[in-house]
Amino acid sequence: MALDTDKIIKLMNEGLAMEYASQIQYLTQAAITTGPYADGLMARFAEIASDEMEHAKILRTRIAALGGVPTTKVGEIQIHKDSMQAVKINLRYERDTVAFYRKLLNLIPHDEVILYEAIEHVLQDSEEHVEELERLVGK
């Protein structure tokens, strides 16, 4: 399977816009969250925002390495002040992110080791976020 560079760059830019949005979403929720366990959630949301910033850096680097130009567009952002509603919003977002990166990973040949492992790393982090958020909502 040959790497369709244009398609991969386009999809990675979509992922980059999602990571930008996710970082903003988590940071905003860290600032405004109220309700049960708000203090702990605020701290965790800020930590996850740092993960999203790392994901964006990884994507920008790989896009540039493939000869593309990293996007500056930001994806959709959803926030809620209520702690449990914020967790549910983030869980939906992280599930969508996992599905997106699984699709992207399936388009990358295994012999494209650096690119494959970069996307695999982002996917693994996103799966960990899903597991953690599922525990918080009891699912």
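At what angle do the axes of helix 1 and helix 4 cross, and within what distance do they come? This is a predicted model, so please hear every value as computed from it.

The axes of helix 1, residues 5–32, and helix 4, residues 113–137, cross at roughly 35 degrees and come within 13 Å. The crossing of helix 1 past helix 4 is left-handed. On the helix 1 side, the contact is made by Ile8, Met12, Glu19 and Tyr26. On the helix 4 side, Leu115, Ile119, Val122 and Leu133 meet them. By class, the residues of this contact are seven nonpolar, one charged and no polar.

Staying in helix 4, Glu132 is located there. Is Glu132 buried or exposed? Its relative accessibility is 18%, and the cut-off for buried is under 20%, so Glu132 counts as buried. Apart from neighbours within four places in sequence, Glu132 contacts Arg44 and Ile48.

Now the aromatic rings. The structure has two aromatic pairs. One of them is Tyr26 with Phe45, a tilted pair with 5.7 Å from centre to centre and 55 degrees between the planes. This pair links distant parts of the chain, since Tyr26 sits in helix 1 and Phe45 in helix 2, residues 38–65, with the two 19 residues apart. Tyr26 is buried at a relative accessible area of 1%, and Phe45 is also buried, at 1% relative accessibility.

Phe100 and Tyr101 form a pair too: the ring centres are 5.2 Å apart and the planes lie at 80 degrees, so this pair is edge-to-face. Phe100 is buried with a relative accessible area of 10%, and Tyr101 is buried at 0% relative accessibility.

How values were computed
Residues numbered from 1 in each chain as written. Predicted model: local features only at pLDDT ≥ 70, side-chain atom pairs only at ≥ 80, totals over all residues. Heavy atoms only, no water. Axes fitted to C-alpha atoms, helices over the stretch in contact; angles between N-to-C directions. Helix = DSSP H or I, 4+ residues; strand = E, 2+ residues; numbered from the N terminus. Left-handed = near helix turned anticlockwise from the far one by under 90°. Contact = heavy atoms within 4.5 Å. Nonpolar A, V, L, I, M, F, W, Y, C, P; charged D, E, K, R; others polar. Buried < 20%, exposed > 50% of the residue type's maximum accessible area, 1.4 Å probe, protein only. Phe/Tyr/Trp six-rings, centres within 6.5 Å; stacked < 30°, edge-to-face > 60°.
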